[in-house]
Amino acid sequence: MDMSETEEFKESPIIRDKKTALPLWTDQRPFQLRYYIPVKRIEEFFRGLEEGKILATQCKSCGQIFFPPQMDCPKCKSSDMKWIQLSDEAELVTYTIIRVKPKTFEHYNDYVIAVGRLLKEKINVFAWLKVDDPSKIRIGMKLKLIVTKREPENYLVYEFIPMKNNKS
């Protein structure tokens with residue numbers, strides 16, 4: 001049967017793929033997807049957030065620090081890791097303002113994601129940068145890494161905020 005646009009398909013959920021022109025069935029109902037990701041080996045990270053701490057792992061063999069935390073060292077192949085609390089002072093390396101958001105983040109206003117280099121540990125952290133005025137963001141500005149509650153999801157996350165002593 002030819003799927004060309006005819007009267008009989010105007011009320012159906014059949015649409016044409018923009019690239020291939022092949023027929024696609026489309027559903028208009030909202031689809032909620034919930035992810036379940038096993039985190040047993042890094043459960044301590046989430047406990048740390050509950051205590052207001054941002055934790056990383058450090059290889060006991062070679063000293064490499066990992067954030068986000070992981071329980072096996074790709075550098076020396078050791079699984080002998082320890083938990084460390086990260087310092088909170090960072091310097092902005094790069095950032096971008098997200099205006100076109102993924103479907104699951106559409107409920108947020110435009111937001112900024114950034115890479116900050118922790119001054120003590122000398123590692124990069126990728127996180128949201130909470131600012132009132134994105135025009136005041138400057139590469140090299142001092143940041144603070146904090147634990148905060150993300151709404152409306154109501155769960156703990158980490159993000160950067162500008163330090164008070166930044167110059168505009």
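On a 1 Å grid over the protein atoms alone, a pocket is an open set of points where a 1.4 Å probe fits, with protein on both sides within 12 Å along at least five of seven lines, and its lining residues have an atom within 4 Å of a point. Grid points are joined across faces, edges and corners, and a volume is the space filled by probe spheres set on the points. This is a predicted model, in which local features need pLDDT of at least 70 and side-chain atom pairs count only at pLDDT 80 or more, while totals for chains, interfaces and linings use all residues. Residues are numbered from 1 along each chain as its sequence is written, and side-chain values use heavy atoms, without hydrogens and water.

| Pocket | Volume | Strand giving the most to the lining |
|---|---|---|
| Largest | about 1,100 Å³ | β10, 4 residues |

Strands here are DSSP runs of E with at least two residues, numbered from the N terminus. Tyr35, Ile37, Phe105, Tyr155 and Val157 lie nearest the centre of the largest pocket, which is lined by 26 residues. The second largest pocket has 17 lining residues, and Tyr108, Asp110, Tyr111, Trp128 and Lys130 are the closest to its centre.

The strands β6-β7-β8-β10-β9 close, in that order, into a barrel with mixed pairing, where two strands pair if DSSP finds at least two bridges between them. Strand β8 (residues 124-129) pairs with β10 (residues 155-162) in the parallel sense over 2 bridges, and Leu129 stands opposite Phe160 in β10.
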